Amino acid sequence: MFTSIDPATGTVGASIPELTAAEVEDRLARATSAYAAWRVTSLDARTALLERIAEQFDAHAEELAATATREMGKTLASARAEVAKCAAAFRQYAQNGAAMLAPTRFDTPSGPATAHWMPLGPVLAVMPWNFPFWQVVRFAAPTILAGNVGLLKHASLTQGCGTAIERMIVAAGAPAGLFQNLAIRSDRIDALIADPRIVAVTLTGSEGAGIAVAEAAGRQLKKVVLELRGSDPFVVMPSADLDEAVRQAVTARIQNSGQSCICAKRMIVHADIYDAFLDRFCTAMRAVKAGDPTDPATDMGPLSSEEQRCTTLAQIDAIRAAGGRLLFGGEALPGRGAFMSAGVLVDVPIDHPAAREELFGPVAMVFRAADIDAAIALANDVPFGLGSSVWTNAPDERVRFERDIEAGMIAVNAMLASTPEAPFGGIKRSGHGRELGPYGLHEFMNLKTVLG
């Protein structure tokens, strides 16, 4: 049984029964049957379904947002924005699907050849709790457009969100079995991956989960896309607009209570402006209000669970034990709920493992860099390479950052964010493959070349 617990109050909510082996088999059979028909369904019909799904998300926005807030604690305002972003993603793929799937013609010495994008079959998605709608939709929208079908193994914390997504897709008129939420535990994923009816797997989550899924998929020679952890740098140079950089740095650190793979986790600041940045940044971080996620005045809600809060506090303790100084905050707040205060760490030893870990909570590490070479070296001195943000108005510095920072994504004079139009993903231990944009669509498709 999966039971929802509101991390803001500790209140026990709805329960969803775990599927039996027979029920999982029934859903796999439905997915196989749905794929046989959906793969030959016209592109017009597929894009029309995506438009109707977007309408369902719009029509039920308040209900969906409340579910996310109740299950994992994000502010109601951010939950509403997440739902709106999901609707936009369905529309983006609906409106641009024909261009993304257009065949490509080649001239060869033997005559013409054409490459066609073809569906593969049922795709399994293993998704996390931190963006319980958006993480799923960035898999679901391209999957449906491609002519594939989707099976979702959502996080235990957010099974209600997984059920709601399936309900929206069904209400839009999707064929039976086109998209199904599987209420199962993680220890049953390997058996699903081994099932010959599953053709590919996508996962967003921890390194450990990514390794486990990649190993299971590798044994079956199945395609896998992994979006894993990040320890994203936020680099600020003297030529930057300092006030705007500080403002964006706060949002980039505390959004979703710091529980985002692309949150800015390491502020790397040029020595010439380090003191000025730190002073303004600390002032702004001290003003962050943690509280009732349904209150419009709240800046951030609780962490997703008491377990997640304990993990974050233990990481902070390890950094302090290694010599880092906690200037303020970074503490559990009294009373009900998994709340903690925003905080700032400095003097973190760069050679200590704690400086290289992903801190999944609302506490920033601030580092001093002597020059651009030191900033780039520090930005790259982690095993991760998901995203990054750089702040400079010097053209030569921009060229250096875009070329030399080791990451799948870089935002210039802006905080990093995902968008349906552009590819999303990382390198190194942040995973491989891409979501979103045409690349996310093509990851789970067969590029079939027809000669003659």
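Colleague: How do the residues lining the largest pocket split by class?
Modeller: This is a predicted model, where local features need pLDDT of at least 70 and side-chain atom pairs count only at pLDDT 80 or more, while totals for chains, interfaces and linings use all residues. Residues are numbered from 1 along each chain as its sequence is written, and side-chain values use heavy atoms, with hydrogens and water left out. Sorting the lining (Ala, Val, Leu, Ile, Met, Phe, Trp, Tyr, Cys and Pro are nonpolar; Asp, Glu, Lys and Arg charged; the others, Gly among them, polar) gives 14 nonpolar, twelve polar and six charged residues.

Colleague: What volume does that pocket have?
Modeller: A pocket is an open set of points on a 1 Å grid over the protein atoms alone, with protein on both sides within 12 Å along at least five of seven lines, and its lining residues have an atom within 4 Å of a point. Points join across faces, edges and corners, and probe spheres set on them fill the volume. For the largest pocket, that comes to about 880 Å³.

Colleague: Which element gives the most residues to its lining?
Modeller: There are 32 lining residues, with Pro128, Trp129, Gly205, Ser206 and Ala209 nearest the centre. Two or more come from each of helix H7 (189-194), strand S8 (200-204), helix H8 (207-219) and helix H11 (306-321); helices (H or I, at least four residues) and strands (E, at least two) are DSSP runs numbered from the N terminus. With four residues, the top contributor is H11.

Colleague: And which element gives the most to the second largest pocket's lining?
Modeller: That pocket, at about 390 Å³, has 21 lining residues, and Lys85, Phe131, Trp134, Gln255 and Ser418 lie nearest its centre. Two or more come from each of H4 and helix H5 (134-146). With four residues, the most come from H4.

Colleague: How much space lies in the largest cavity?
Modeller: A cavity is a set of grid points where a 1.4 Å probe fits but cannot get out. Four of them here reach 30 Å³ or more. The largest holds about 110 Å³.

Colleague: Which element gives the most to that cavity's lining?
Modeller: The lining divides into six nonpolar, three polar and four charged residues. H5 and helix H14 (437-442) each supply at least two of the residues. With four, the most come from H5.
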